[in-house]
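Subject: Structure handover

Hello,

I am passing this structure on to you, and below it I have set out what was found. Please keep the model open while you read, so that you can follow each residue as it is named.

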Amino acid sequence: MTTPASILFVCLGNICRSPTGEGVLQHLVEERGLDSKVTIDSAGTIGYHEGNPADRRMRDHASKRDYDLTSRSRKIVPDDLDRFDLVIAMDRQNHSDIMEIDPTATNVKLMSDFLDDSWPVDVPDPYYGGADGFETVLDMIEAACPNILDELLR
Ligand code: 4NP
C-alpha cells in the first residue's frame, strides 16, 4: 500500500453510487481521525455526466444520514488502476468494464466482497427507480465501509 492508502469507487455514471462510496468512507475516516492516512476518489465507466455534481436525489438521501456528497463526475482512466491501491466496483458490469481497461489488474474488487452473503452481489443502480433504491445504496455502502477501511489500513 502507498502512504496514504488510496481507494477509488467506480459505478456507471459517477453521480449516484460511487460518490456515495466516497462520501460515506470520507465521513468514517474523519470520524476516526484517519484523514491523513486515506485518500478517497470516485469515477464512472462512462463520461456522460462529466463535471456534474452527484444526482440531487442521491445527495438528498445521503444528507439525511449526515453525508455530504461533493464529488464531480469523471470517467475512469487507465492510470487510475496504477495510482489507486484499491478500486471498488459497485456491480459486476462495472467490474468487467474496469477489467477491460487492464485485464491484468489485481486491485479491483466488488463492493459486495466487503459484505456478508445476506446482501446482493451488486449494488443496484438507483437512477431510474424510486426512493427505496437510494436508501438501499446507502445501506449497502454503510455496511461495507468499516470492512473496506480495515482492508485499506491492514
Ligand atoms: P450511477 O447511476 O452509476 O450509480 O452513477 C447512474 C447514473 C446515470 C445513469 C445510469 C446510472 N445514466 O444512464 O445516465
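The shell of residues around the ligand divides into six nonpolar, three polar and two charged residues. Please bear in mind that this is a predicted model. The residues that make up this shell are Cys11, Leu12, Gly13, Asn14, Ile15, Cys16, Arg17, His49, Asp125, Tyr127 and Tyr128.

The side chain of His49 has an N or O atom 2.8 Å from an oxygen atom of the ligand, while in the side chain of Asp125 an N or O atom is 3.4 Å from a ligand oxygen atom. For Asn14 it is a backbone N or O atom that lies 3.3 Å from an oxygen atom of the ligand. The ligand taken alone exposes 350 Å², and the protein buries 92% of that area.

Where does the ligand sit? The ligand sits in the largest pocket, which holds about 160 Å³ of space. The lining of this pocket is formed by 13 residues, and those nearest its centre are Leu12, Gly13, His49, Asp125 and Tyr127. Sorted by class, the lining of the largest pocket has nine nonpolar residues, together with two polar and two charged ones.

With best wishes

Methods:
Residues are numbered from 1 along each chain as its sequence is written. This is a predicted model: local features need pLDDT of at least 70, side-chain atom pairs count only at pLDDT 80 or more; totals for chains, interfaces and linings use all residues. Side-chain values use heavy atoms; hydrogens and water are left out. On a 1 Å grid over the protein atoms alone, a cavity is a set of points where a 1.4 Å probe fits but cannot get out, and a pocket is an open set with protein on both sides within 12 Å along at least five of seven lines; lining residues have an atom within 4 Å of a point. Grid points are joined across faces, edges and corners, and a volume is the space filled by probe spheres set on the points. Ala, Val, Leu, Ile, Met, Phe, Trp, Tyr, Cys and Pro count as nonpolar, Asp, Glu, Lys and Arg as charged, and the others, Gly among them, as polar. A residue is near a molecule or strand if one of its heavy atoms lies within 4 Å of it. A polar contact is a pair of N or O atoms within 3.5 Å; within protein, one must be able to donate a hydrogen and the other to accept it, and residues adjacent in sequence count only if both atoms are side-chain atoms. Accessible areas come from the Shrake-Rupley method with a 1.4 Å probe; for residues, only the protein chains shown count as cover. A molecule sits in a cavity or pocket if more than half of its atoms lie within 2 Å of its grid points.
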